[in-house]
Amino acid sequence: MATMDQSYGGVDAEKARVDIAEENERCPVEEVALVVPETDDPAIPVLTFRAWFLGFASCIVLIFLNTFFTYRTQPLTISAILMQIAVLPIGKFLARVLPTTQYKIFGWGFTLNPGPFNIKEHVIITIFANCGVSYGGGDAYSIGAITVMKAYYKQSLSFICGIFIILTTQILGYGWAGMLRRYLVDPVEMWWPTNVAQVSLFRALHEKESNKKSMSRMRFFVVVMAASFIYYAFPGYLFPILTFFSWVCWMWPHSITAQQVGSGYHGLGVGAFTLDWAGISAYHGSPLVTPWHSILNVGVGFILFIYIIVPICYWKFNTFDARKFPIFSNQLFTSTGHKYDTTKILTPNYELDITAYNSYSKLYLSPLFALSIGSGFARFTATLTHVALFHGRDIWRQSRSAMKNMKLDVHAKLMRNYKQVPEWWFYVLLVGSVASSLLMSFVWKKDVQLPWWGMIFAFGLAWVVTLPIGVIQATTNQQPGYDIIAQFIIGYVLPGRPIANLLFKIYGRISTIHALSFLSDLKLGHYMKIPPRCMYVAQLVGTLVAGVVNLAVAWWMLDNIDNICDVENLHPDSPWTCPKYRVTFDASVIWGLIGPRRLFGPGGLYRNLVWLFLIGAFLPVPVWILSKMFPAKKWIPLINIPVISYGFAGMPPATPTNIASWLIAGTIFNYFVFRFNKRWWQKYNYVLSAALDAGTAFMGVFLFFALQNEGVNLKWWGTQLDHCPLATCPTAPGIKVDGCPVFT
């Protein structure tokens with residue numbers, strides 16, 4: 001009997017050890033464990049003929065549409081989710097009609113139709129499509145620089161030089177991604193939250209569910225997408241006031257202060273809200289895919305900045321002569337509160353006319369704009385300090401080849417079944433892009449203005465910051481930018497060279513954006529068990545195709561549309577006003593032409609903002625000390641200073657209403673629903689996010705081509721975005737602005 005008891009005890013102990021081992025293999029990130037499948041079939045074909053054909057088509061269509069839309073008065077970024085959905089029925093159709101015949105070429109066998117259209121083919125097609133989005137939409141800064149050079153500065157730039165600018169930027173980012181994948185893709189803690197939504201959508205589109213009692217994810221997706229498609233006709237065309245519902249202005253139609261506080265479009269947005277999903281997800285992405293602790297951090301920063309710091313600076317202390325200008329605006333101003341005319345300070349060679357600048361006016365910014373720039377200073381140094389303190393030991397250990405012994409979850413172990421991409425494949429691309437960039441700085445020296453040592457400086461900056469920013473994005477879904485820092489630095493080093501300023505930002509900052517986009521896709525492939533070498537080929541080929549098509553479309557438009565981007569000479573009804581690239585041009589004037597020394601240097605009006613570099617570097621330190629003093633308090637390490645500062649990033653053009661509504665939506669789903677109905681959240685949350693994106697995007701494209709592009713526009717009370725005309729008025733005595741009362 002004793003022997004029997006021992007045998008049963010041994011079985012129980014062994015079972016317990018197996019359960020513990022399986023539990024230890026699971027990804028410790030709960031959102032990933034709930035959504036990402038923990039199985040794989042290595043026999044599933046990936047780079048099939050269907051994948052190549054649909055991947056090329058998706059990439060070309062997206063890059064064409066995004067490049068086309070970006071020059072128009074109403075720019076529209078079309079995400080890869082459109083192609084992700086559209087290619088599914090096409091892929092299934094090809095699986096039915098393509099011949100299954102086996103062909104052989106030089107001993108290599110292949111078939112046009114290896115069987116049913118599978119989920120891995122679908123993923124690799126989406127990777128191709130993402131290259132079209134990376135170039136044509138979002139952060140299309142490379143083509144923006146070329147547009148500024150040709151359309152605004154009237155440079156006779158060669159097409160070959162344009163190709164060098166476009167491709168070297170992107171390939172450089174791919175090189176960084178290859179170097180950093182062991183830090184930002186392989187570790188289980190680097191989970192890239194947006195990819196979980198993608199995985200959920202792929203599963204909804206491909207998996208058959210056995211539970212017939214509840215609505216399937218695919219049916220839920222279709223229903224929500226249809227509802228989102230129909231609904232967006234209201235904020236997108238019929239009733240645009242739903243984008244900024246500012247009821248405070250209706251209550252006090254004659255009060256400047258009330259409208260400054262309550263305006264959702266031109267003010268602090270107190271009480272204002274948006275019922276437009278495009279407005280909610282416009283600047284920080286979908287709130288449904290952002291972790292709750294990240295939402296909470298952003299919310300703290302938002303409240304601190306918008307409801308405390310800005311009002312005190314504006315009404316209490318009149319910081320930076322703030323009351324001479326609107327409280328919220330991205331315009332540049334003169335000392336008298338009027339819009340700044342940059343043509344009055346430019347020489348024929350587009351250099352600063354110092355005499356004209358001194359006699360005309362110094363440059364002024366709205367208070368929120370100035371403080372937002374200052375927050376960028378703090379965010380840059382806070383990111384470096386935060387990552388060094390909280391992740392520095394792990395990064396150092398991994399740098400000493402301890403990655404071989406790192407903890408592997410089930411996904412990493414499944415990926416070990418495939419051949420890995422050798423490091424030297426990425427180093428070849430990195431070295432080639434660096435060499436090509438340096439060659440460009442010699443061959444087209446007058447056009448690019450950036451000397452070879454400036455290029456190397458940009459490469460060094462990107463190498464330093466890509467890893468810490470990647471850690472933040474991979475864990476919080478927020479990407480702290482350093483656009484301002486890149487332009488600030490080169491503006492000091494090379495003042496009076498606006499083109500050099502643009503190119504430095506491209507190679508310093510935009511290569512980082514591309515690297516993070518590639519890394520995010522690599523993590524998606526990691527979760528979906530795509531062979532790494534297939535990922536390498538798809539990303540590289542997609543990058544080359546997208547770059548060439550992007551430049552070709554832009555070049556044709558710049559050469560064939562009369563007066564494109566020239567608002568003064570365009571027909572009043574012309575849609576080719578290029579608002580996105582006007583901002584790029586203005587940035588080249590601020591940071592490159594006038595330069596940061598005159599604004600932030602000794603004697604500059606905004607010189608005290610430079611102290612935020614030091615403050616940002618210090619702020620993560622007490623959080624780290626507290627986390628070490630009280631290790632049992634698991635919430636302390638979740639206090640993320642860079643993400644808190646991200647609560648007021650991007651404003652302007654983002655408005656407080658956009659961010660406040662984003663915070664509310666994220667709190668509802670990623671706190672309350674996640675906490676009290678986790679089963680619903682697990683099944684539907686990410687599918688809901690994807691469906692809202694898809695329905696909104698489809699209707700946006702339809703409205704543009706069917707109505708807005710044909711000049712069919714409505715004009716009535718509900719089509720005005722914001723009924724707060726006084727929100728843009730200054731409140732300082734003696735400032736005269738058209739349409740505003742004058743204070744005495």
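Mentor: Let us begin with a definition: helices (H or I, at least four residues) and strands (E, at least two) are DSSP runs, numbered from the N terminus. The model is a predicted one, in which local features need pLDDT of at least 70, side-chain atom pairs count only at pLDDT 80 or more, and totals for chains, interfaces and linings use all residues. Residues are numbered from 1 along each chain as its sequence is written, and side-chain values use heavy atoms, with hydrogens and water left out.

Trainee: Is Q155 buried or exposed?

Mentor: The term buried means under 20% relative accessible area, exposed means over 50%, and partly exposed lies in between (1.4 Å probe, protein chains only). Q155 has a relative accessible area of 17%, and therefore counts as buried.

Trainee: Which residues does Q155 touch, not counting residues up to four places away in sequence?

Mentor: Contact here means heavy atoms within 4.5 Å. With residues up to four places away in sequence not counted, Q155 touches M149, K150, K446, D447 and I499.

Trainee: Which residues does S58 touch, not counting residues up to four places away in sequence?

Mentor: S58 belongs to helix α3 (residues 49-70). Its relative accessibility is 2%, so S58 counts as buried. Apart from residues up to four places away in sequence, S58 touches M83, V87, I125 and A129.

Trainee: At what angle do helix α4 and helix α30 pack?

Mentor: Axes are lines fitted to C-alpha atoms, for helices over the stretch in contact, and angles run from 0 to 180 degrees between N-to-C directions. For α4 (residues 81-97) and α30 (residues 678-706), the axes are 9 Å apart and the angle is about 90°.

Trainee: Which word describes α4 relative to α30?

Mentor: Angles under 35 degrees count as roughly parallel, over 145 as roughly antiparallel, 65 to 115 as roughly perpendicular and the rest as oblique. The angle is about 90°. Relative to α30, helix α4 is therefore roughly perpendicular.

Trainee: How many polar residues are in the contact of α8 with α30?

Mentor: Helix α8 (residues 193-206) packs against α30 at about 90°, with the axes 8 Å apart. In this contact, V196, A197, S200, L201 and A204 of α8 meet Y686, V687 and A690 of α30. Seven of the residues are nonpolar and none is charged, and the number of polar residues is one.

Trainee: On which residue is the kink in α29 centred?

Mentor: Helix α29 (residues 656-676) has 21 residues and spans 29 Å from its first C-alpha to its last, close to the 30 Å expected. The expected span is 1.5 Å times one less than the number of residues. A bend is the angle between axes fitted to the seven residues ending at a residue and the seven starting there. In α29 there is a kink of about 25°, centred on T667.

Trainee: What is the phi of D321?

Mentor: D321 is found in the loop between α14 (292-316) and β3 (332-333). With a relative accessible area of 28%, D321 is partly exposed. The residue is not a glycine, yet its phi is positive, near 55°.

Trainee: How far apart in space are G109 and A227, C-alpha to C-alpha?

Mentor: G109 lies in strand β2 (residues 108-111) and, at 40% relative accessibility, counts as partly exposed. G109 and A227 are 118 residues apart in sequence, and their C-alpha atoms are separated in space by 46 Å.

Trainee: How far apart in space are I456 and G508, C-alpha to C-alpha?

Mentor: I456 lies in helix α20 (residues 452-476) and is partly exposed, with a relative accessible area of 41%. I456 and G508 are 52 residues apart in sequence, and their C-alpha to C-alpha distance is 9.4 Å.

Note on methods. Nonpolar A, V, L, I, M, F, W, Y, C, P; charged D, E, K, R; others polar.
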